[in-house]
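Student: I should like to learn how to read a protein model feature by feature. May we begin once the structure is in view?

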Amino acid sequence: DEKVLYPSLSYELFQTGILAHDDIIDNSDYRRFKPSMHKDLGGGHDGVSKSICVGDLGIISAIEILTKCGFDDAIKLRAISHQNRVFCDTIAGELKDIEFSYTDRAEECDILDMYKLKTAQYTVSGPLVLGATLAGAETEDINKLSLFGDSVGISFQIRDDILGIYGDEKQVGKSILSDMCEGKKTVLVSHFDRTADDVKKKEFYAVYGKADATLSDLEKVRTLLGENGS
């Protein structure tokens, strides 16, 4: 059904816009094997400013394009309301992620909640529920799809966290130093905080969260996480 192409494009525009902003926040130079948007647009203040504007355009256009799909107006309104809630939750999750980077310790339950907001909804559960809503699905089925999508999305983010430390930049297509330089709180880090002794923690935080961390620092982090079973 060609009517569903517009809603599909809506999510693509949103996630591209939000990832442009995410790369600025994470100070990431690469995305999908190419320079991230702010780098591609010139880098520095000029590139960042343009990327913020283009990212905003993607987010705003994502809602606008839903108004142009050929579904019944009542269904369309429910879809727009759902889409807007997902977008707000994603931004709330990003704010939590930033806040956690500046805290000494984040509990695993809080990190998983952040994953649900920041990643799971716009990657899996949001699109599933949008499709079901447009198809006129019952509330019970929509709730089941949402629960399933949240679980898959959280699993995706955990896998992404592992790749963020142990991945190969040539294979993952983005920086493998950005998570460490930012001091990102992940389930790996939460487990390490909960189980490692003070000596290992001192070694770990001597490099984890250091803005100018190097590949040799990353090797130290990999070793400590591995030795600790995290």
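Student: Is Leu128 buried, partly exposed or exposed?

Tutor: This is a predicted model, in which local features need pLDDT of at least 70, side-chain atom pairs count only at pLDDT 80 or more, and totals for chains, interfaces and linings use all residues. Residues are numbered from 1 along each chain as its sequence is written, and side-chain values use heavy atoms, with hydrogens and water left out. Buried means under 20% relative accessible area, exposed over 50%, and partly exposed in between (1.4 Å probe, protein chains only). Leu128 has 30% relative accessibility and therefore counts as partly exposed.

Student: In which helix does Leu128 lie, and with what is Leu128 in contact?

Tutor: Leu128 lies in helix H5. Helices (H or I, at least four residues) and strands (E, at least two) are DSSP runs, numbered from the N terminus. Contact means heavy atoms within 4.5 Å. Leaving aside neighbours within four places in sequence, Leu128 is in contact with Leu145, Phe148 and Gly149. The C-alpha atoms of Leu128 and Phe148 are separated by 9.3 Å, and the two residues are 20 apart along the chain.

Student: How should I describe two packed helices?

Tutor: One gives the angle between their axes and the distance between the axes. Axes are lines fitted to C-alpha atoms, for helices over the stretch in contact, and angles run from 0 to 180 degrees between N-to-C directions. Here the axes of helix H5 (residues 108-134) and helix H9 (residues 187-195) come within 9 Å and cross at roughly 175°. H5 is therefore roughly antiparallel to H9. Angles under 35 degrees count as roughly parallel, over 145 as roughly antiparallel, 65 to 115 as roughly perpendicular and the rest as oblique.

Student: Which residues meet where H5 and H9 are in contact?

Tutor: From H5 come Glu108, Ile111, Leu112 and Tyr115, and they meet Val187, Ser190 and Arg194 of H9. The residues of this contact divide into 4 nonpolar, 1 polar and 2 charged. In this scheme Ala, Val, Leu, Ile, Met, Phe, Trp, Tyr, Cys and Pro count as nonpolar, Asp, Glu, Lys and Arg as charged, and the others, Gly among them, as polar.

Student: What forms between Arg194 and Glu108?

Tutor: Arg194 forms a salt bridge with Glu108, the closest N and O atoms being 3.8 Å apart. Arg194 lies in helix H9 and Glu108 in helix H5, so the pair ties together parts that are 86 residues apart in sequence. A salt bridge is a side-chain nitrogen of Lys or Arg within 4 Å of a carboxyl oxygen of Asp or Glu. Arg194 is partly exposed at 42% relative accessibility, and Glu108 is partly exposed at 32%.

Student: How many salt bridges does the structure hold?

Tutor: It holds 18 salt bridges. Among them, the side chains of Lys184 and Asp26 meet at 3.8 Å, N to O. Lys184 lies in the loop between H8 and H9 and Asp26 in the loop between helix H1 (5-25) and S1, so this pair ties together parts that are 158 residues apart in sequence. Lys184 is buried, with a relative accessible area of 6%, and Asp26 is buried with 10%.

Student: What does one look for in phi?

Tutor: Most residues other than glycine have a negative phi. In this model Arg32 has a positive phi near 55°, and Phe33 has a positive phi near 70°. Arg32 lies in the loop between strand S1 (30-31) and strand S2 (34-35), and Phe33 is found in the loop between S1 and S2. Arg32 is partly exposed at 44% relative accessibility, whereas Phe33 is exposed with 55%.

Student: What span should helix H11 have?

Tutor: The expected span of a helix is 1.5 Å times one less than its number of residues. The 13 residues of helix H11 (residues 215-227) should span 18 Å, and the end C-alpha atoms are 18 Å apart, which agrees. In H11, Asp217, Leu218, Val221, Arg222, Leu224 and Leu225 are buried. These buried residues pack against helix H6 (139-166), helix H8 (178-182), H9 and helix H10 (198-205).
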